[in-house]
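This report goes through one protein chain, from its overall build down to single residues. The sequence and the model come first.

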Amino acid sequence: MKTLKSNLILSGNGLMSNIPSTFEIKPSNEKGIRFHIKNSTIDVKTENVVSTDHCVVLANLQTGAKIALIEHFMAACAIVGIDALDIYVESEGFETPIFDGSAKKWVEEFNKVGFVGESDEIKPLDAPVIFQAGKSSIVLIPSDKTTITYSVNFNHPELKNRWVTLDPDKNLDEIIEARTFGYLKDLETFQKMGFSKGVTIENTVGLTDDGYTTELRSEFEPVKHKILDILGDIYLTGLNPFKLKANILVKEAGHGYHIEMAKILEKQYK
């Protein structure tokens, strides 16, 4: 198991609620990642996913306690190899701090605290795994190392039929710092519905008719954020994507389909 050397406390507002949230992240001697909220424990497992509409939401199905938008945090855990943590949450919004909209803050703070132990090895993927639904597909193919190639087809001049690949040896930092995004024209509607109240120009890349609301950190940053999302979503299985040693090919998917693929993958490892 690999965990943190010592406690880490971080606070910030939620992207959906804009309500402050404090995470006290503690090292653990028990395998797995768990959120503790108001005397309830939520195990990080695909079976505890209750919504993927705007973000990934986990819940304790007995008590109803929830934690929302955990995908960036989980991607950071996968990237640094943490597989044992307890997170104590103080928030009326039951949401993960958004920080700058990427995994950058989580990864930096984890690295500052440092780690103990080694993450558990898993058997590399030994046969293809395929998910398909309409125009969307996710395919995992055994390889010497994990890469992720993600395709989007957004109504945006730079993001039509756009493919981007993560090679951990070349551009992992660009994936870590890739911010969440959305269409600027939809923001007011979402906020009236009670979502996206914490969106700022610092934490979200707004897609306009012909460009973006802010300078991109790297080329095709929104597609790289999709790669970040699927890293976090697959890690809900407890299987670190980087240890699978698979070429992961994704075409026009999202959180819901990421989770469906994760569940299929789990069955391969039971």
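**The chain as a whole**

The model is predicted. The chain holds 7 helices and 17 strands. Its radius of gyration is 18 Å, close to the 18 Å that the globule rule gives for 270 residues, so the chain is as compact as a globular protein of that length. The C-alpha trace spans about 50 × 45 × 35 Å along its principal axes.

Of the 270 residues, 54% count as buried. Among contacts with a separation of 6 or more, 73% are between residues 24 or more positions apart. The accessible surface comes to about 12,200 Å², and carbon and sulfur atoms make up 47% of that surface.

Helix 1 covers residues 71-80. With 10 of its 10 residues buried, helix 1 is largely enclosed by the rest of the structure. Its buried residues include Glu71 and His72 as well as Phe73, Met74, Ile79 and Val80. After helix 1 comes Gly81, with a positive phi near 85°.

Helix 5 takes in residues 221-234, which makes 14 residues. From its first C-alpha to its last, helix 5 reaches 20 Å, close to the 20 Å expected at 1.5 Å a residue. Here 14 of the 14 residues are buried, so helix 5 too is largely enclosed by the rest of the structure.

**Single residues**

| Residue | Relative accessibility | Class |
|---|---|---|
| Asn161 | 56% | exposed |
| Asn18 | 36% | partly exposed |
| Ser137 | 18% | buried |
| Glu252 | 16% | buried |

Asn161 lies in the loop between strand 13 (147-152) and strand 14 (162-166). Not counting residues up to four places away in sequence, Asn161 touches Val152 and Asn153. Between the C-alpha atoms of Asn161 and Val44 there are 33 Å in space, and the two are 117 residues apart in sequence.

Ser137 belongs to strand 12 (residues 136-142). Relative accessibility under 20% is the cut-off for buried, and Ser137 has 18%. Neighbours within four places in sequence aside, Ser137 is in contact with Phe131, Gln132, Leu249, Val250 and Lys251.

The loop between strand 2 (8-13) and strand 3 (20-27) holds Ser17. Asn18 sits in the loop between strand 2 and strand 3 as well. Leaving out neighbours within four places in sequence, Ser17 makes contact with Gly93, Glu95 and Lys197. Ser17 and Val113 are 96 residues apart along the chain, with 28 Å between their C-alpha atoms.

Which backbone angle of Asn18 is positive in a residue other than glycine? It is phi, near 60°. Glu252 also has a positive phi, near 50°, and is likewise a residue other than glycine. Glu252 is located in the loop between strand 17 (246-251) and helix 7 (255-268). At 16% relative accessibility, Glu252 is a buried loop residue, whereas Asn18 is partly exposed at 36%.

Key:
Residues numbered from 1 in each chain as written. Predicted model: local features only at pLDDT ≥ 70, side-chain atom pairs only at ≥ 80, totals over all residues. Heavy atoms only, no water. Helix = DSSP H or I, 4+ residues; strand = E, 2+ residues; numbered from the N terminus. Rg over C-alpha atoms; globule rule 2.2 N^0.38 Å. Buried < 20%, exposed > 50% of the residue type's maximum accessible area, 1.4 Å probe, protein only. Contact = heavy atoms within 4.5 Å. Areas by Shrake-Rupley, 256 points an atom, 1.4 Å probe, with all protein chains shown as cover. Expected span 1.5 Å × (residues − 1).
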